[in-house]
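Student: I would like to learn how to read salt bridges in a model. Can you take me through some?

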Amino acid sequence: MSAVAHEQPITGSPSQADILLESFLSLHSPEGFRAELIEGEIIVAPPPDGDHEDHISHLITQVIRRSKTDMSVSGGKGLRLVSGGLCPKNHVVPDLTFAPEELRLFRGAPSWMEPDGVAMVVEVTSGKPDQDRIAKRHCYARAAIPLYLLVDREKAQLSLFGKPHREEYTEVHLAAFGEPLALPEPFDFDLDTKPFL
């Protein structure tokens with residue numbers, strides 16, 4: 001009598017998306033570079049140029065000085081976003097993440113935190129502007145982040161997306177560089193965009 005080996009199906013084997021996510025989370029980017037996982041693609045970006053950082057600086061200064069609600073800000077906070085639809089499982093690092101100071105949202109948070117309590121995320125376009133214009137917009141809306149501010153350097157305009165519903169924002173307010181842009185509650189002030197010219 002001989003024994004016959006029976007192949008057993010492998011259960012619990014990781015999916016392609018799980019393998020990609022695990023690879024991304026274990027990735028060690030070169031110093032100064034930033035990695036993001038967007039739409040199933042790992043993107044490694046070099047350090048931003050001076051104009052990008054100048055825009056970031058003006059935004060932070062105005063929000064801290066002029067916002068009706070005291071705000072905390074992070075320039076490198078990893079967000080774990082909601083997967084599905086136009087937004088696959090993603091881990092994104094917005095250029096800026098704002099949350100009301102009273103929440104102390106960043107204190108004790110893990111490297112990749114849930115977006116609950118975030119008031120606004122900001123992206124300033126650089127190497128792959130369509131990632132900021134389209135993919136991240138859908139992901140931030142799906143995660144129900146109330147406001148998404150896109151500083152589009154190529155178009156010389158700001159787009160403020162608000163009122164997220166499913167995978168899209170139902171409101172958008174545009175301002176060309178040089179025009180004021182009203183930021184609603186909890187910020188409640190007109191953003192001066194002249195410094196972006």
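Tutor: Side chains of opposite charge can pair when their charged atoms come close. In this predicted model, E185 forms a salt bridge with K68, with the closest N and O atoms 3.2 Å apart.

Student: Which parts of the chain does the pair of E185 and K68 tie together?

Tutor: E185 lies in the loop between strand 12 (181–183) and strand 13 (189–191). K68 lies in the loop between helix 2 (50–66) and strand 3 (71–74), so the pair ties together parts 117 residues apart in sequence.

Student: Is K68 buried or exposed?

Tutor: K68 is exposed, at 56% relative accessibility. E185 is partly exposed, at 48%.

Student: How far apart in helix 3 are D130 and R133?

Tutor: They are three residues apart in helix 3 (residues 129–142), so about one helical turn separates them. D130 and R133 form a salt bridge, and their closest N and O atoms are 3.2 Å apart. D130 is partly exposed at 46%. R133 is buried at 16% relative accessibility, because buried means under 20%.

Student: What does R137 in helix 3 pair with?

Tutor: R137 meets E168 in a salt bridge, 2.8 Å from N to O. E168 is in strand 11 (residues 168–176) and R137 in helix 3, distant parts of the chain 31 residues apart. R137 is buried at 15%, and E168 is partly exposed at 28%.

Student: How many salt bridges does the structure hold?

Tutor: Ten.

Methods: Residues are numbered from 1 along each chain as its sequence is written. This is a predicted model: local features need pLDDT of at least 70, side-chain atom pairs count only at pLDDT 80 or more; totals for chains, interfaces and linings use all residues. Side-chain values use heavy atoms; hydrogens and water are left out. A salt bridge is a side-chain nitrogen of Lys or Arg within 4 Å of a carboxyl oxygen of Asp or Glu. Helices (H or I, at least four residues) and strands (E, at least two) are DSSP runs, numbered from the N terminus. Buried means under 20% relative accessible area, exposed over 50%, partly exposed in between (1.4 Å probe, protein chains only).
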